[in-house]
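Q: Could you take me on a close look at the ligand site?

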Amino acid sequence: QRILMICGEPHLPYDRPPLSKELLLTASVEESLSFRSAGWYEEQAVALGLGVRAVGLDEREMTVHLGDGSRVSYERLLIATGARPRRPRMFDGFENVTTLRTREDAARLRAALVPGTRLLVVGAGFIGQEAASAARAAGVQTTIIETASAPLQSVLGSELGTWFADLHRANGVELLLGHRVASTRGNGRLDRVMIDDGRTIGCDHVVLGVGVDPDLQWLSSTVLGGPRSGRCGVRTDVDGRSEIPGVFAAGDAAAAFEPLLERHVRGSHWESAARNGARAARAMLGLEQAPPGVSSFWSNLYGTRVHYLGHASLADAVAVDGDPERGEFTATFTSGERAVAVLLVGRPRLLPQARELLRATTEMALA
Ligand SMILES: Cc1cc2nc3c(=O)[nH]c(=O)nc-3n(C[C@H](O)[C@H](O)[C@H](O)COP(=O)(O)OP(=O)(O)OC[C@H]3O[C@@H](n4cnc5c(N)ncnc54)[C@H](O)[C@@H]3O)c2cc1C
């Protein structure tokens, strides 16, 4: 088999989770970001085309067009172009506004985390919360603005969302919940924003954590990059097959069918990107598949490890066990008798158990 990996970034493929965590505090982490050495790719006969973007797909000719004017043909194609952070227009043109997706973004933000300066974080999803956590560790005055009335409310509900809000407050973050940025002011540098109740918030740097869109512009002339996929990712079956024969997709650029939810779900987590990439590879090679795994995500906030597994949207009840005040608890989401999601806070050692619980109930539900 000949494998060619085309990547728009000039670096060896690297790990993104540290970009919003330890890399914001310690530059030397950058040295250990690459998944593999250049030698590994050579040994495995994987050719790397770094620093060159795919700009088009001709599915009839089974050819990908590249930004340098060349074309490559394929027998099987995996679309794994990830996602791009959203950047509302009102933030354009300001040099001190950062999104967080690449190692360059992280380096820029790290340089801005100067003790005593003011950071405004827009959006209290995991990326925004992790940026706030790193900023506080660096001694930066930090404000988070979020439209929902609690962080992660749409995923975990109000009660648990409030726990996250309290965690930030306890660590000195000012939270503006239930508000949005109405307008921005500054000349080259954004120095203040107006929020929807008329208040003005001053800032030295801004991080945008308002979500991502699948990076599919290069497919706009195909059915995969059309309006249906634009925001939700390339729809695939559980093994990564798209509707174009020979074309697969995985990771944040894809929306794989999730049998438990009976719908396609856009990728946004590290583990599912890795697992679905491997599933797509096995499907390409006609190899047998393992049963689908449990969806899971982790985060690190103020030194506390957070794991979220499964799909809380399926739940009709949630039970909390442990000591939320000490930052050590488990929230188990259930639908009838069945566990459908687990949130572990400060309990990394219970991860295998939680995984097993959800795996068993998943298999039961799909049987
Ligand atoms: C700051 C940050 C922190 C995160 N933390 C966590 C975490 O704690 N836990 C967790 O579960 N998940 C986390 N994630 C999410 C996780 O990193 C992603 O789900 C994962 O990286 C997705 O992998 P991917 O291969 O689909 O996409 P990516 O990792 O985005 O890789 C896609 C690659 O394709 C390239 N590309 C895009 N378009 C083209 C093109 N047209 N031609 C060629 N190349 C192209 C991109 O430049 C990029 O290098 C985090 C993400 C970020 C950004």
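Which domains does the shell around the ligand draw at least three residues from?

A: Happy to walk you through the site. This is a predicted model, where local features need pLDDT of at least 70, side-chain atom pairs count only at pLDDT 80 or more, and totals for chains, interfaces and linings use all residues. Residues are numbered from 1 along each chain as its sequence is written, and side-chain values use heavy atoms, with hydrogens and water left out.

The shell draws at least three residues from each of domain 1 (3-84 + 213-285) and domain 2 (86-212); these bounds come from an automatic or database domain assignment. In total, 29 residues surround the ligand, each having a heavy atom within 4 Å of it. The closest are Glu9, Arg16, Lys21, Ala54 and Arg101.

Three of these side chains have polar contacts with the ligand (a pair of N or O atoms within 3.5 Å). In Lys21, a polar side-chain atom sits 2.5 Å from a ligand oxygen. For Glu9, the distance from a side-chain N or O atom to a ligand oxygen is 2.6 Å, and Arg16 also has a side-chain N or O atom 2.6 Å from a ligand oxygen. The protein buries 89% of the 1,000 Å² that the ligand exposes when taken alone, with accessible areas from the Shrake-Rupley method and a 1.4 Å probe.

As for composition, the shell has 14 nonpolar, 7 polar and 8 charged residues. Here Ala, Val, Leu, Ile, Met, Phe, Trp, Tyr, Cys and Pro count as nonpolar, Asp, Glu, Lys and Arg as charged, and the others, Gly among them, as polar. At least two shell residues come from each of strand 1 (3-7), helix 3 (126-137), helix 7 (270-285) and strand 21 (296-301). These are DSSP runs numbered from the N terminus (helices H or I, at least four residues; strands E, at least two).

Conventions
A polar contact is a pair of N or O atoms within 3.5 Å; within protein, one must be able to donate a hydrogen and the other to accept it, and residues adjacent in sequence count only if both atoms are side-chain atoms.
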